[in-house]
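Hello,

Here is the structure for you to look at. My notes follow below it.

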Amino acid sequence: MTMFEIHIDSLQQSFSASSEQTLLSGMESLGKRGIPVGCRGGGCGVCKVRIDKGRYRCKKMSRAHVSAEEESQGYVLACRCMALSDIQLTVVGQMKKAVFGTQD
Amino acid sequence: MSMTGVLRPGHVQIRVMDMGEALTHYKERLGLQETDRDASGRVYLKGWDERDWFSVVLREADEPGMDFMAFKVDSVDTLRRLEGRVREFGCNVETIPAGELNHCGERVRFDSPTGHTFELYAEKDYKGTQMGLLNPDPWHEECLKGMQAQRFDHCLLYGDDLDGTIKLFTEVLGFKEAEQVYDGDLQIGTFLTCGMKAHDLAVIRHTEKNKFHHASFLLGSWEDVLRAADIIGRYKMSLDIGPTRHGITRGRTIYFFDPSGNRNEVFAGDYTYYPDYEPITWTADELGGAIFYHNQTLNERFLTVVT
Ligand code: FES
């Protein structure tokens, strides 16, 4: 098991993730923040990031959130993506505000 | 029990991205039983205490979410009558021939103002439970798998034209609103029942059409909800929130995600709804406790993450 350094450019935030775990679970298991956490299953899209530098592999991601074209440009869902080298990324996804609860 | 001709939620077809992983989740973890597969690769499941052939259909696809939710009605006559009424209401209506889903009779499929696809059907083959109908035991060992989900209970859906969907279900299909949520004058949530449960379908106002929040399954007790939480920990499943209690419907509950990111609930206990009851109303300033009664605060992921 190799550990890699994951760096979120805009937030000056770093954490390490193993080659066996997803970027999101690496972040969550160290109690770090920066990438929004939703379903952790590649379905909801809130953990979407763009990989700016580094090599990685991905499990199947919802096409509703990452098109084939985006996938070829380095957009991934962090809960489905595993590092193969150190990584630099930009957070793209966000929690959408539902009408339910908007008064807060 | 039905007062309206619509008996109960009958089935839900859920899209998953990997059938193998999904079957481990729904069979080994939730404890649903596989009852069939079809030529297109769909897998049919039911809870251990359900008698009809299936209540959950899984379909492999490249994006998760809900294809449709169906309600069983009490007769073919009711099916024809309600088909006419949803047409009159202005829904796009399609009839799906018997056998398109194995063991299921003709289905009347229609869309709702919130963009969801619903179906009605009158007939589904009898599969039965392990206990049978003659001098049955309360349960058999085959029923004690994973979380031991007894049956499919309801779905919670997100969509834009909430008022339209409430009108469709109450005025056309005879559902009642057991509980409703208001933000000032704007209704933002409805809990609809066709029988004597606190809800058979819940819908929340949302910016996009046709979103799936969760499918819910019934457990026997609060103790079973806690054991479901142990299973979530043991198998490192994706926990959303709980175990906790809802103010709305009073359910004792836990939420988690399937391996494709679809949310599931298992819960125990609500209350008996009688059709002469006035709706219970929740206001936005008390929404924290309405949703999560113990900590009285809203949870961003619970409110916004959908497939
Ligand atoms: S957390 Fe839902 S897609 Fe990653």
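This is a predicted model: local features need pLDDT of at least 70, side-chain atom pairs count only at pLDDT 80 or more; totals for chains, interfaces and linings use all residues.

**What was found**

Residues are numbered from 1 along each chain as its sequence is written, chains are lettered from A and ligands numbered from 1 in the order in which they are written, and side-chain values use heavy atoms, with hydrogens and water left out.

C79(A) has 6% relative accessibility and counts as buried (under 20% relative accessible area; exposed is over 50%, partly exposed in between; 1.4 Å probe, protein chains only). C143(B) is buried too, at 1%.

Next, L24(A). This residue sits in helix α1 (residues 23-29) of chain A (helices are DSSP runs of H or I, at least four residues; strands are runs of E, at least two; both are numbered from the N terminus). L24(A) is buried, with a relative accessible area of 1%. Beyond its neighbours within four places in sequence, its contacts include V37(A), C47(A) and C79(A) (heavy atoms within 4.5 Å). The C-alpha atoms of L24(A) and V37(A) are 7.4 Å apart.

Now chain B. Eight strands make an open, mixed sheet in the order β2-β3-β4-β1-β5-β8-β7-β6 (strands pair if DSSP finds at least two bridges between them). β2 (33-37) and β6 (93-96) of chain B are at the edges with a single partner strand each, so one side of each lacks a neighbour in the sheet. β2(B) pairs with β3 (residues 43-46) of chain B in the antiparallel sense, over four bridges. There, R37(B) is opposite V43(B).

Best wishes
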